[in-house]
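Please keep the sequence and the model open while reading.

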Amino acid sequence: MQEEIKKLYYSISEVSERTELKQYVLRYWESEFDQLKPIKNRSGNRIYTDEDIAMILQIKKLLYEEKFTVEGAKRRLTELEEQGTVQNTGADQLMKEINHELNEALKKLG
């Protein structure tokens, strides 16, 4: 039995398939939710981490299952952040960018 290799980054099409959301929905949510900020590679394509996907699934749950409005979901995510239930991605974002750049440099080295 072959084990699945865990990826560090996913394309928007892979995330769209995994979350069962259209790509335009993911781009819209990125513009609406401060907690969702996937990094972009050198060619400008969004690359998502497992943390980004977890945030997308949390937003999806708030909007589709719990029937929050977008504004209500924003407020709820802010409340969850304050309680420590949702991780703020500001520092995480910087670390992801640094990690990505280091990985790109390692690939070039060999």
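Helix α3 passes helix α4 in a right-handed crossing. A crossing is right-handed if the near helix is turned clockwise from the far one by less than a right angle, and left-handed if anticlockwise. Helices (H or I, at least four residues) and strands (E, at least two) are DSSP runs, numbered from the N terminus.

This is a predicted model: local features need pLDDT of at least 70, side-chain atom pairs count only at pLDDT 80 or more, and totals for chains, interfaces and linings use all residues. Residues are numbered from 1 along each chain as its sequence is written, and side-chain values use heavy atoms, with hydrogens and water left out.

**Overall make-up**

- The protein has five helices and two strands.
- From the N terminus on, the order of elements is α-α-β-β-α-α-α.
- Of the 110 residues in the protein, 33% are buried. Buried means under 20% relative accessible area, exposed over 50%, and partly exposed in between (1.4 Å probe, protein chains only).
- Take the contacts between residues at least 6 apart in sequence: 57% of them join residues at least 24 apart. Contact means heavy atoms within 4.5 Å.

**Packing of α3 against α4**

- The angle between α3 and α4 is about 125°, and their axes are 10 Å apart. Axes are lines fitted to C-alpha atoms, for helices over the stretch in contact, and angles run from 0 to 180 degrees between N-to-C directions.
- That angle makes α3 oblique to α4. Angles under 35 degrees count as roughly parallel, over 145 as roughly antiparallel, 65 to 115 as roughly perpendicular and the rest as oblique.
- On the α3 side, the contact is made by Met55, Gln58, Ile59, Leu62 and Leu63. On the α4 side, Val70, Ala73, Arg76, Leu77 and Leu80 make the contact.

**Packing of α3 against α1**

- Helix α1 spans residues 12–19 and packs on α3 at about 45°, with the axes 11 Å apart.
- The two helices, α1 and α3, are therefore oblique to each other.
- Their crossing, α1 with α3, is right-handed.
- Val15, Arg18 and Thr19 of α1 meet Asp50, Ile53, Ile56, Leu57 and Lys60 of α3.
- Arg18 also lies over the face of Tyr10, at 4.7 Å from the ring centre. A charge sits over a ring if NZ of Lys or CZ of Arg is within 6 Å of the ring centre and within 35 degrees of the ring normal.

**Packing of α3 against α2**

- Helices α2 and α3 pack at about 95°, with their axes 12 Å apart.
- That makes α2 roughly perpendicular to α3.
- From α2, the contact residues are Val25, Leu26 and Trp29. From α3, they are Ile56, Ile59, Lys60, Leu63 and Tyr64.

- Rings of Phe, Tyr and Trp (its six-membered ring) pair if their centres lie within 6.5 Å; planes under 30 degrees apart count as stacked, over 60 as edge-to-face and the rest as tilted.
- By this rule there are two aromatic pairs.
- Trp29 and Phe33 have ring centres 6.5 Å apart and planes at 80°, so this pair is edge-to-face.
- Trp29 also pairs edge-to-face with Tyr64, at 6.1 Å centre to centre and 65° between the planes.
- The Trp29–Tyr64 pair links distant parts of the chain. Trp29 is in α2 (residues 23–32) and Tyr64 is in α3 (residues 50–65), 35 residues apart.
- Trp29 is buried at 3% relative accessibility. Phe33 is buried at 0%. Tyr64 is partly exposed at 41%.

- Thr78 is in helix α4 (residues 70–82). Its relative accessibility of 35% counts as partly exposed.

**Positive phi in loops**

- Most residues other than glycine have a negative phi.
- Glu20 has a positive phi of about 60° although it is not a glycine. Glu20 is in the loop between α1 and α2, and is exposed at 68% relative accessibility.
- Lys67, also not a glycine, has a positive phi near 65°. Lys67 is in the loop between α3 and α4, and is exposed at 65%.
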